[in-house]
Amino acid sequence: MGTWMIRAGRGGVYAADWLERGIVGIGWDFGGADITGMNREEIRAAYAAAHPSESKQKVAANVGQIYRFAHCMAQGSTVVMYDPAERLYHIGVIDGPCKPTSEPEGLTYTRTVKWGKTALRDALSPASKNSLGGIQTIFAVSDEVMSNLEAAGSKPACNDSSADADDNAANDEETLAATYDNGIELIKDRVNQLDWEDMERLVAGMLKAMGYCARVMPKGPDGGRDVVASPDALGLESPRIVAEVKHRKGAMGAPAMRSFIGGLRAGDRGLYVSTGGFTKEARYEADRANVPVRLLDLDAFVRHYVDIYDKADDDTRSILPLTRIWWPA
């Protein structure tokens, strides 16, 4: 039955919902029709009729993905999904048929999944990371990669004799989104290799690029003040941003968040950067704080860094240099 990787929307936007609901899904709309009763050519005809303005390449790409979801990802197949916020690959078994749905926003067809094991991206080999960074929405996972994910055997799932260029086709929009997301993951891999001092400098550099005067504070009993930023060089103007930077494995919990919030003064704005993420309880403490507090996990920090990179100074860029990839408009 094989093993399949499915992307949980752009940037893994559906990952948490799919885990909670025990599902995977796609968003191509066929008006609730039974796509499991259609062969590849029938799916192609129905999709082309519903999207007459789309190019043959985009039709071919999307038909290939739809066919895989409806036919190749059979009950009993192993499925892998990546959650970029947690940097975890979730592994499950499909235990339900392809059904139309209107419940999850943006999804038109779902399959139920029994989620089980997880694998940290940081524990995978570079070859596995590259393989799991495919540009398509749904693609087969090799035996070698599944072995690296500590899962059972994973032979190719679909032996349909009508398979053609659809299998390797991808439209520009999908390819661009997947390439961007893969780039984000590679940058996150690099951030995890930095030491804590460079991480603090990187946070200060990001704030400088946003127009603040930022400085890394001397080590000592700083009371949660690793970086302090202000609109003016003297730190007298508001808003003053006080940043705590934790560069370690493991999510920061509620006690650490309460301690950080308790050290903020009137008029401060809190920024807590934790590359290990935050527990639900910590996020709750930040939400109910009586001063504004922004939390950045690894994924959110990297996306902010990418956004401001062009404005960053040379010292900041030297810590984490990036290369721009040009794409046809």
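Arginine 87 is placed in the loop that joins E3 to strand E4 (88–94); helices (H or I, at least four residues) and strands (E, at least two) are DSSP runs, numbered from the N terminus. The model is a predicted one, in which local features need pLDDT of at least 70, side-chain atom pairs count only at pLDDT 80 or more, and totals for chains, interfaces and linings use all residues. Residues are numbered from 1 along each chain as its sequence is written, and side-chain values use heavy atoms, with hydrogens and water left out.

- Arginine 87 has a positive phi of about 55 degrees, although it is not a glycine. Most residues other than glycine have a negative phi.
- Arginine 87 counts as buried because its relative accessibility is 4%; buried means under 20% relative accessible area, exposed over 50%, and partly exposed in between (1.4 Å probe, protein chains only).
- Arginine 121 belongs to the loop between E6 and helix H4 (126–131), and this residue is buried as well, with a relative accessible area of 4%.
- The side chain of arginine 121 makes a polar contact with the side chain of tyrosine 89 at 3.0 Å. Such a contact is a pair of N or O atoms within 3.5 Å; within protein, one must be able to donate a hydrogen and the other to accept it, and residues adjacent in sequence count only if both atoms are side-chain atoms.
- Beyond its neighbours within four places in sequence, arginine 121 is in contact (heavy atoms within 4.5 Å) with residues including Arg87, Tyr89, Glu185 and Asp189.

**The chain as a whole**

- The protein chain contains 11 helices and 12 strands.
- Of the 329 residues in the protein chain, 48% are buried.
- Among contacts between residues at least 6 apart in sequence, 64% join residues at least 24 apart.

**Nonpolar cores**

- The largest nonpolar core has 31 residues, of which Ile6, Val24, Ile35, Phe69 and Met73 touch the most other members. A nonpolar core is a set of buried Ala, Val, Leu, Ile, Met, Phe, Trp, Tyr and Cys residues joined through side-chain atoms within 4.5 Å.
- Helix H3 (56–72) is among the elements that give two or more residues to this core, and its 7 residues form the largest share.
- Valine 24 touches residues including Ile6, Trp18, Phe69 and Met73, with residues up to four places away in sequence not counted.
- A separate core of 29 residues includes Ile187, Ala204, Val227 and Leu298.

**Pockets**

- The largest pocket has a volume of about 830 Å³. On a 1 Å grid over the protein atoms alone, a pocket is an open set of points where a 1.4 Å probe fits, with protein on both sides within 12 Å along at least five of seven lines; lining residues have an atom within 4 Å of a point. Grid points are joined across faces, edges and corners, and a volume is the space filled by probe spheres set on the points.
- This pocket is lined by 24 residues, and Ile187, Leu322, Thr323, Arg324 and Ile325 lie nearest its centre.
- H6 gives the most to this lining, with 10 residues.
- The second largest pocket has a volume of about 710 Å³. Its lining has 26 residues, with Ala85, Glu86, Gly276, Gly277 and Phe278 closest to the centre.
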